[in-house]
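Please look over the model shown below before reading on. The report that follows takes up its helices, strands, charged pairs and backbone angles in turn.

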Amino acid sequence: MENIDNNLIVGLDIGTTKIATVIGYRNEKSGKISVIGHGVAASSGVEFGEIQNINRTVDGIVQSKSIAEQHANMQIQDAYVGIAGHHIKTNLYKHIIYRYGNNDIPISDEEIDNLKAEVFKAAVPPGEQIVDVIPQRYIIDDSRETNSPAGELGNSIMGIYQLITGRQKEVDKIRLCGNNSGTNFKDIVLEPMASGIACLTEDEKKNGVALVDIGGGTTDLIIYIDGSPVYTKVIALGGNVITSDIAKLCQISFEMAEQIKIKYGTCIVNKSNENNLITIPRPEQEAIQISEPYLSKIINCRVQEEILNTIKKEIEYSGYKNKILNIVLTGGGANLRHIKELSKFVLQKPTRIGFPVNGFSEDIPTELKQPMYATALGLLKYGILAEEHLRVNTEDEGVDTTGETKSRNLFGGKKKEKGSDPKRPKEPSGGGWGFLEKVHSWLTNALEDLH
């Protein structure tokens, strides 16, 4: 009988509409990840992917954890948690070390690790924090480019990294929610990256793919080329704004609008039933009727004109449009009817719906095999990979340092150097939630969108 107690990992997704906790481990025989417990609670303290109310968010975490703990018959102490929100930014960063007197000694893995560790110490603007550092490529002696410099000779090594930063205040709020809920967050992981490792195949990541995670509060884009993430972007629009549009235009509650969206909504107007009138009851008011095409027009306006068109502009801006072979849609928004067909039309790429089954056992609960749980399951898988990576390094080096897992070498790859671009695509207004764009002077002069 396999002893799994010491190998249990927890993923915690603090989303705009839900807080999901999953507990699992990697089965030694099959190599697949099994889930032994999960819990879901409503999220009422998060807006557009960012925590606004600490107490309500903590309540959701505690409730979600409690349900998962009952299923797994254990208490949760540690977890891997996600981070999203419009404050997340990605920038290109270069760092070089010189190997004076060591040019006849092969470059070691330790030197590469030290190079990356120095990048984590890079100066960032006041109020920001480095969330992750992802190697893109290395240049030896200003001439040779490689993804694996260990074992080669050279006087200098330049590392080129994707530096992911977030607002310090938002990171602190996540930590505070962990502390107040009795949970130690071992690592804070970029949510679209977590969704990617749950939904994407290795061939897709190698050949070029864009993952679009449409959540309740945000839509996250992450592009993989040659097996590694090379571009990320968070757009402050998600499924909730579509529901809000329906609620406002039809003068009904948000909850009723969500039900109608799920039951009758479609992203493509001519796919709707023009002969169907939807009767909507209203408390203490006369019921109203709307046609399916009218409902579809409301949905299409947001999905096509703002979410997908913004994704299209971001893909063009990234410089990887011609290297992307297909699009994968995940998140709760991927359940909208005909969104796959609409994405194929707007983005001009083959599109599929991303289910979080990559690397997971077939016996995981059926309700988890849905796009809306891609981030939660991805965080679980990330944590398992991180712990395995730490164990390997500890066994090789015979050292255990802080005890806090930092799986910073799980990703590598290539990225084209980019500078500032005044033509960066404008983001949608969000129907009342406008964004002012200003030039950010740090590193690549990336644009920071503010409320």
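What covers the buried residues of helix 6? In this predicted model, the cover includes strand 12 (209-214), helix 7 (254-264), strand 15 (277-282), strand 16 (285-291) and helix 8.

## Helix 6 and its surroundings

Helix 6, which runs over residues 239-250, has 12 residues and reaches 17 Å from its first C-alpha to its last, a span close to the 16 Å expected at 1.5 Å a residue. The helix is mostly covered, with 9 of its 12 residues buried, and the buried residues are Gly239, Val241, Ile242, Thr243, Ser244, Asp245, Ile246, Ala247 and Cys250. Cysteine 250 counts as buried because its relative accessibility is 4%, below the 20% cut-off. Just after helix 6, glutamine 251 takes a positive phi of about 55°.

## The chain as a whole

The protein chain has 10 helices and 20 strands, and buried residues make up 56% of its 451 residues. Among the contacts in the chain with a separation of 6 or more, 67% come from residues 24 or more positions apart. The count of disulfides comes to 0, whereas the count of salt bridges comes to 16.

## An enclosed helix

Helix 4 (residues 191-199) is largely enclosed by the rest of the structure, because 9 of its 9 residues are buried. The buried residues of helix 4 are Glu191, Pro192, Met193, Ala194, Ser195, Gly196, Ile197, Ala198 and Cys199. For cysteine 199, the relative accessibility is 3%, and therefore this residue counts as buried.

Strand 2 (residues 18-26) and strand 3 pair in the antiparallel sense over 9 bridges, and the bridge partner of isoleucine 19 is alanine 41 in strand 3. Strand 3, covering residues 33-42, is mostly covered, since 7 of its 10 residues are buried. The hairpin that strand 2 and strand 3 make has 6 residues between the strands, and in this hairpin glycine 31 takes a positive phi near 80°.

## Salt bridges

Lysine 89 forms a salt bridge with glutamate 128, and the closest N and O atoms of the two are 2.6 Å apart. This pair links distant parts of the chain, with lysine 89 in strand 7 (residues 89-98) and glutamate 128 in strand 8, 39 residues apart. Lysine 89 and glutamate 128 are both buried. Glutamate 111 forms a salt bridge with arginine 99, where the closest N and O atoms are 2.8 Å apart. That pair also links distant parts of the chain, with glutamate 111 in helix 2 (residues 109-119) and arginine 99 in the loop between strand 7 and helix 2, 12 residues apart. Glutamate 111 is buried, with a relative accessible area of 18%, and arginine 99 counts as buried at 3% relative accessibility.

Within helix 8, glutamate 306 and arginine 302 lie 4 residues apart, about one turn of the helix, and their side chains meet in a salt bridge of 2.3 Å, N to O. Glutamate 306 is buried, and arginine 302 is buried as well. Elsewhere, salt bridges that share partners join Glu50, Arg167, Glu170 and Lys173 into one network.

## A buried glutamate without a salt bridge

Glutamate 292 is found in helix 8, which spans residues 292-318. This glutamate is buried yet has no salt bridge, and the nearest side chain of opposite charge, that of arginine 337, is 4.2 Å away. Leaving aside residues up to four places away in sequence, glutamate 292 touches Tyr264, Ser272, Asn273, Asn276, Ile278 and Arg337.

Most residues other than glycine have a negative phi. Aspartate 141, although not a glycine, has a positive phi of about 55°; this aspartate lies in the loop between strand 8 (128-140) and strand 9 (144-146) and is partly exposed, with a relative accessible area of 31%.

Glutamine 348 is a residue other than glycine with a positive phi, near 55°. Glutamine 348 is found in the loop between helix 9 (339-347) and strand 18 (351-353), and this residue is exposed, because its relative accessible area is 60% and the cut-off for exposed is over 50%.

Key. Residues are numbered from 1 along each chain as its sequence is written. This is a predicted model: local features need pLDDT of at least 70, side-chain atom pairs count only at pLDDT 80 or more; totals for chains, interfaces and linings use all residues. Side-chain values use heavy atoms; hydrogens and water are left out. A disulfide is a pair of cysteine sulfur atoms within 2.5 Å. Buried means under 20% relative accessible area, exposed over 50%, partly exposed in between (1.4 Å probe, protein chains only). Helices (H or I, at least four residues) and strands (E, at least two) are DSSP runs, numbered from the N terminus. Two strands pair if DSSP finds at least two bridges between them. Lys and Arg count as positive and Asp and Glu as negative; His and the chain ends are not counted. A salt bridge is a side-chain nitrogen of Lys or Arg within 4 Å of a carboxyl oxygen of Asp or Glu. Contact means heavy atoms within 4.5 Å. The expected span of a helix is 1.5 Å times one less than its number of residues.
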